[in-house]
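Have a look at the structure first, then read on.

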Amino acid sequence: MLTIDKYAYQNRWIAFSPTAKALFYVVILILALTGSVRVQAILFLCMVPLTLYVVKIRFKQYLKWLLLPFSFLLFSLLSILISISKDPSSFLASISIGSLYFGVSDVTITTATQVFFRSIACLAATYFFVLTVPVIQLTKLMKRILIPKVLIELTILIYRFIFIFLEEAAAIRKAQSLRFGYYGIKNSYRSFGMLVNTLFNRVMKRYNEMVITLDVKLYQGEFHI
């Protein structure tokens with residue numbers, strides 16, 4: 001079981017209706033997307049302690065998950081914050097490279113600030129939803145809001161193959177590490193290439209085994225969800 005799933009099944013709100021939790025998530029998400037920077041900051045500061053309490057998770061673990069998408073957010077903010085122009089008068093601070101000036105202005109700082117607080121508010125709301133709604137409740141919720149069956153089936157299959165993928169990758173990497181496969185940069189690159197190749201073959205083998213199992217059970221192209 002994934003760590004996120006473990007928390008999702010053990011949270012304090014596990015008995016609450018998934019529909020109610022979904023509505024709560026949508027309301028928070030709308031406020032995060034449309035509210036001012038102050039509203040977004042307040043939402044973030046409220047959602048973090050609420051998530052820590054409801055999910056019964058340590059702040060250190062939550063912070064580790066929170067920092068995962070920050071590299072993508074950082075590059076996005078830099079692209080917004082820094083502008084290029086031939087006229088440096090509109091910049092608060094700038095540097096020149098050839099005939100071009102790279103700098104920041106009031107507009108770019110304001111935009112970057114809005115994007116930052118909107119992103120972290122939406123991220124905190126999404127983490128709360130993911131950590132309080134296990135996949136079983138999510139499946140029921142998708143059926144209740146009339147999501148097409150094919151999409152629900154795809155979701156279940158993708159969810160299942162995440163476990164297969166991680167299980168096989170962990171087994172291969174452990175075997176390689178026992179043989180000092182990651183000792184040195186050269187060996188690490190070679191071992192990683194072998195891991196990807198072997199992982200693909202093993203996952204395809206597991207997929208074929210699943211297909212055979214479904215055929216034996218007279219699978220007719222539809223899961224009974």
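## Before you start

Keep in mind that this is a predicted model.

## Patches on the surface

Let's begin with charge. Lys6, Arg58, Lys60 and Lys64 together form a positive surface patch. One of these residues, Lys64, sits in helix α4, which runs over residues 59-67. Is Lys64 buried or exposed? Its relative accessibility is 51%, and the cut-off for exposed is over 50%, so Lys64 counts as exposed.

The other patch to look at is greasy. Val150, Leu151, Leu154, Ile158, Ile162, Phe165 and Leu166 make a nonpolar surface patch of about 620 Å². Ile158, one of its members, belongs to helix α8, spanning residues 149-178. Ile158 counts as exposed because its relative accessibility is 54%.

## Positive phi in two loops

Now for the backbone. Lys56 has a phi near 60 degrees, which is a positive value in a residue other than glycine. Where does Lys56 lie? You'll find Lys56 in the loop between α3 (37-55) and α4. With a relative accessible area of 46%, Lys56 is partly exposed.

Leu146 is another case: its phi is near 65 degrees, again positive in a residue other than glycine. Leu146 has a relative accessibility of 72%, so it counts as exposed.

## Annotated spans

If you check the UniProt record, an unreviewed entry, you'll see "transmembrane region" annotated for residues 22-55, 62-84, 116-139 and 145-166. How do two of these spans look in the model?

Residues 22-55 are 94% helix and 0% strand, and the C-alpha atoms at the ends of this span are 16 Å apart. For residues 62-84 the figures are 78% helix and 9% strand, with 37 Å between the end C-alpha atoms. Lys64, from the positive patch, is found in helix α4 at residues 59-67, while Lys56 is in the loop between α3 and α4.

## Pairs across the chain

Ala121 lies in helix α6, residues 106-132, and is buried, with a relative accessible area of 1%.

Helix α4 supplies another pair, through Leu66. The relative accessibility of Leu66 is 8%, and with the limit for buried set at under 20%, Leu66 counts as buried. Between Leu66 and Tyr127 there are 61 residues of sequence separation, and 8.5 Å in space from C-alpha to C-alpha.

Pro88 sits in the loop between β1 (83-85) and β2 (93-97), and is partly exposed, with a relative accessible area of 29%. Pro88 and Asn197 are 109 residues apart in sequence, and the C-alpha to C-alpha distance between them is 51 Å.

Conventions. Residues are numbered from 1 along each chain as its sequence is written. This is a predicted model: local features need pLDDT of at least 70, side-chain atom pairs count only at pLDDT 80 or more; totals for chains, interfaces and linings use all residues. Side-chain values use heavy atoms; hydrogens and water are left out. Patches are made of residues with over 30% relative accessible area and no salt bridge: like charges are joined within 9 Å, nonpolar side chains (Val, Leu, Ile, Met, Phe, Trp, Tyr) within 5 Å. Accessible areas come from the Shrake-Rupley method with a 1.4 Å probe; for residues, only the protein chains shown count as cover. A salt bridge is a side-chain nitrogen of Lys or Arg within 4 Å of a carboxyl oxygen of Asp or Glu. Lys and Arg count as positive and Asp and Glu as negative; His and the chain ends are not counted. The place of a charge is taken as NZ of Lys, CZ of Arg, CG of Asp or CD of Glu. Helices (H or I, at least four residues) and strands (E, at least two) are DSSP runs, numbered from the N terminus. Buried means under 20% relative accessible area, exposed over 50%, partly exposed in between (1.4 Å probe, protein chains only). UniProt positions are given in the numbering used here, feature names are shortened, and annotations may be inferred rather than shown by experiment.
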